[in-house]
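Thanks for taking a look at this one with me. Below are my notes as numbered points, meant for someone meeting the structure for the first time.

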Amino acid sequence: MLRLNINGRGHNVDVEPDTPLLWAIRENIGLTGTKYGCGVAQCGACTVHMDGVATRSCALPASAAVGKEIVTIEGLARNGVLHKVQKAWIDHEVPQCGYCQAGMIMAVTELLKSKPKPTDADIDREITNICRCGTFQQVREAIHAAANT
Ligand code: FES
Ligand code: FES
C-alpha cells in the first residue's frame, strides 16, 4: 500500500512499489485523463507534474511519487477556472483525436512557468511530446497565445 497525493488529495493505493505511477493514477485512482502511449518515456502522453516538474508517469515507479505533490490534467483547473493553456487550446482548436493532448498541456504548463515567453526554438527543444495527428503547428500557436495572456 502506498500513500499518494494526487491533485491535493491523499489516496491509499494498493499497488506494488514498482508499479508505474501511470497505472496507479488510471487504474487505482480512476483518473483517466493521463494516457498510455509508448510506456517507455518517449511520447509524453502520460505527463503529469511531480512537485511542479513535468514527469512521464509511465516509466516512474509509483513508490517514487510518495511524499510528492502530483498534479494530473484533472487537477489543472482551479476552482472551476481553466488554466490559461487549456483556454488557449480551446480557442485554437488544438486537439484532433485528443489522445496526446493532456500530456501535451501538462508539458506546456511547465514550460510556461520556466519560460513565460518561449521562442519557437524553445518550444521545439522543450516540448518533445509526440502527436500522431500532427497538431504541432496549432500547439505552437496556442503556446504563444497562452504566453501573451
Ligand atoms: S506513455 Fe509515457 S512517455 Fe509515452
Ligand atoms: S491529437 Fe491525436 S495524437 Fe495528438
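1. A word on terms before we start: two strands pair if DSSP finds at least two bridges between them. Helices (H or I, at least four residues) and strands (E, at least two) are DSSP runs, numbered from the N terminus. With that in hand, Met 50 has Ile 70 in strand 5 as its bridge partner. The two strands concerned, strand 3 (residues 47-50) and strand 5 (residues 69-71), run antiparallel and are joined by 2 bridges.

2. Please keep in mind that this is a predicted model, where local features need pLDDT of at least 70 and side-chain atom pairs count only at pLDDT 80 or more, while totals for chains, interfaces and linings use all residues. Residues are numbered from 1 along each chain as its sequence is written, chains are lettered from A and ligands numbered from 1 in the order in which they are written, and side-chain values use heavy atoms, with hydrogens and water left out.

3. Two hairpins are worth a visit. Strand 1 and strand 2 are antiparallel, with 5 bridges, and Leu 2 has Val 13 in strand 2 as its bridge partner. This hairpin has 2 residues between the strands, and Asn 7 takes a positive phi near 50°. Strand 3 and strand 4 also pair in the antiparallel sense, over 4 bridges, with His 49 bridged to Ala 54 in strand 4. Here too there are 2 residues between the strands, and Asp 51 in the turn has a positive phi of about 50°.

4. Asp 51 is not a glycine, despite that positive phi. Is Asp 51 buried, partly exposed or exposed? Its relative accessible area is 45%, so Asp 51 is partly exposed (buried means under 20% relative accessible area, exposed over 50%, partly exposed in between, with a 1.4 Å probe and protein chains only). Ala 41, another residue that is not a glycine, has a positive phi of about 60°. Ala 41 belongs to the loop between helix 1 and strand 3 and is partly exposed at 28%.

5. Thr 34 lies in the loop between helix 1 and strand 3. With 2% relative accessibility, Thr 34 counts as buried. Leaving aside neighbours within four places in sequence, Thr 34 is in contact with residues including Leu 22, Ile 25, Val 48, Ser 57 and Thr 72, where contact means heavy atoms within 4.5 Å.

6. Which residues link helix 3 to helix 5? Met 104, Val 108 and Leu 112 in helix 3 meet Phe 136, Val 139, Ile 143, Ala 146 and Ala 147 in helix 5. The axes of these two helices come within 11 Å and cross at roughly 40°. That makes helix 3 oblique to helix 5 (angles under 35 degrees count as roughly parallel, over 145 as roughly antiparallel, 65 to 115 as roughly perpendicular and the rest as oblique).

7. Helix 5 (residues 136-147) also meets helix 2 (residues 84-91): their axes come within 9 Å and cross at roughly 130°. Helix 2 and helix 5 are therefore oblique to each other. Among the residues that meet are Val 85 and Trp 89 in helix 2, and Val 139 and Ile 143 in helix 5.

8. Helix 2 also holds Gln 86, which is buried at 11% relative accessible area. Beyond its neighbours within four places in sequence, Gln 86 is in contact with Ile 73, Leu 76, Ala 77 and Ile 105. Gln 86 and Ala 146 are 60 residues apart in sequence, with 8.6 Å between their C-alpha atoms.

9. Lastly, the cysteines: Cys 58 is buried at 9% relative accessibility, and Cys 131 is buried at 6%. How many disulfides does the whole structure have? The search finds 0, taking a disulfide as a pair of cysteine sulfur atoms within 2.5 Å.

Conventions: Axes are lines fitted to C-alpha atoms, for helices over the stretch in contact, and angles run from 0 to 180 degrees between N-to-C directions.
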